[in-house]
Amino acid sequence: MFLSFFRKNKKQPLPWYKTSVVYQIYPSSFQDSNGDGVGDIRGIINRLPYLQDGTENSLGIGAVWLCPIYTSPMKDFGYDIADFYNIDSRFGTLKDFDELVLGLHKRNIKIIMDLVINHTSSKHPWFKESRSSKTNWKRDWYIWRDPKPDGSPPNNWVSVFGGPAWTIDPETNQYYLHQFLPDQPDLNWRNEYVIYEMQNILQFWLERGVDGFRVDAFGHLLEDGLFRDDVVIKDQKNNIDDYASYMHNYSTNRPELTRVIDVLTSTAKQKPDTFIVFETYLDLHQLVNMYNLHESKQYAPFNFNFISMPWNAVEYRKFVDDFDKLLQNHTPTYVFGNHDRPRLISRLDEKRARVCAMLLLTLRGMPFIYYGEEIGMEDVTIEKKDIRDGFALTSLLPGVSRDPARTPMQWNTEKNAGFSTYTPWLPVASNYEEMNIEVEEKNPQSMLSLYKSLIHYRNNSRILQEGSYQSIETGSPDIFGYIRTLRGEKKRILVLLNFKDGEIKISIPHLGKIIFSTTGDVARNTIFSKETTMCPYEGIVVEI
Ligand code: NOJ
């Protein structure tokens, strides 16, 4: 069974990034193997059978995106790198990493590494050199500017984490730029040596077997060469330190970023089928524009629009219709959650989170699942004394902590949810005894069972992986419906999603059988007739 599964999957004519469901692992919180309360690489290795064991018992994902595991002082939990060529000791060693890659590949799982290249840690030797004097040859590797005559920062740019994006270095009396924490100085992407180093870094990890990269903070990599002030949004002028008060038209998303895509995709090309995902928060047209910036088809920007979109079937339909049509041969990406945003189920509720799962896993493109989403993990309330997130610790704004969405994975009913034998670095959810993998595996109606069924169905369905998408008129503004079709396949797949907390009768000119319902009440293979009543917040997949 195990072997035949892999043999079957080896013959994929489509590249992995067109077929795989991607699972995001936040390493500190996935599985601790050495009893220090922090997740690590060996912990992930031990849990690989959960991700993919070649049978439908496992989750069935095809790729893993690992949040940063490089050497870091952890001011921003790995997004502040002090050595791009090594693994932080809290996570393990390069040897462990090699074993992880081997283990993943054996299971036909690709690995996407986080690439944090907008900034380094202030503890990185490059920055130490750079800040040592104005004439040091690495001075220009970062962005240094003189103060204004009154001693204030060179312009009005603010950091994503609040407050000025500039910090003065008393040694040389110049400001350095940091679009995030002061401990994360921005690299200068106009410096050719920096670009050369970045190419080396990519190459190093490609040689170690990495299949793709997730480029952190892409829109921040380059700023306006003239350092012009960002435009202030009028109504919000009252808080000059707040990121939301500016348009960031000079500090982010500059047209010069095309060069960066070029550098990264051409370096990655050395290994066939390498895929790059860029972290950018863009609206539909900006996204499409980004796909068209470069001829390579082996990259995509993250599409985070589902995270912020109002819960409305008409808006969802409009977005997917336009996105799918405008992208043509490109790979769309879909995301409902990540380590920077409140958890899906806490933004919505369980019923709607199930509808989201169905939508995510039945659209064309690359679906991303944030660890724990598949069991319905919720945001955990973190007491002030337990806050770890550097953003929350430095920000003056309330409620910005990202810790609630980063708590330990809930594996079973054992102490600390089976995550660690020691007190975990962030508290475990109090409801872990009911909401955990072991319990949900036994319940065919659980969130986990829904995710597994949808993922395996998708893995075995060329129609879902590469078929075309066409939305349909459902007769109700609250029901988003679409049909997936593949040339040469008689069968088509109809998906109907009820966005309303109420029953809706619909009449659709198709006959078929219902394969799944998000309510779990409709058994497989139930007949779908033209007149159907959809339950409140129900999603169904129908073969027609
Ligand atoms: C985006 C990452 O997702 C986030 O966690 C991090 O704090 C910032 N970039 C800075 O690297």
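**View 1. Asp324 and Arg364 pair in a salt bridge.** In this predicted model, Asp324 counts as buried, at 12% relative accessibility. Arg364 is also buried, with a relative accessible area of 13%. The cut-off for buried is under 20%. The closest N and O atoms of the two residues are 3.0 Å apart. Asp324 belongs to helix H11 (residues 313-327), while Arg364 sits in the loop between H13 and S13. The partners are 40 residues apart.

**View 2. Asp76 meets Arg402 in a salt bridge.** Their closest N and O atoms are 3.0 Å apart. Asp76 lies in the loop between strand S3 (70-71) and strand S4 (83-87). Arg402 lies in the loop between helix H14 (390-394) and helix H15 (437-441). The pair links distant parts of the chain, 326 residues apart. Both residues are buried.

**View 3. Arg190 and Glu256 form a salt bridge.** The N to O distance is 3.6 Å. Arg190 is in the loop between strand S8 (174-177) and helix H7 (192-207), and Glu256 is in the loop between strand S9 (212-215) and helix H8 (257-268), so the pair ties together parts 66 residues apart in sequence. Arg190 is partly exposed, at 39%. Glu256 is partly exposed too, at 29%.

**View 4. Eight strands build an open sheet.** Their order is S11-S10-S9-S5-S2-S1-S13-S12, with parallel pairing. Strands S11 (299-301) and S12 (333-335) stand at the edges; each has a single partner strand, so one side of each lacks a neighbour in the sheet. Neighbouring strands are turned by 25 degrees against each other on average, direction ignored.

Methods:
Residues numbered from 1 in each chain as written. Predicted model: local features only at pLDDT ≥ 70, side-chain atom pairs only at ≥ 80, totals over all residues. Heavy atoms only, no water. Pairing = 2+ DSSP bridges. Helix = DSSP H or I, 4+ residues; strand = E, 2+ residues; numbered from the N terminus. Axes fitted to C-alpha atoms, helices over the stretch in contact; angles between N-to-C directions. Salt bridge = Lys/Arg side-chain N within 4 Å of Asp/Glu carboxyl O. Buried < 20%, exposed > 50% of the residue type's maximum accessible area, 1.4 Å probe, protein only.
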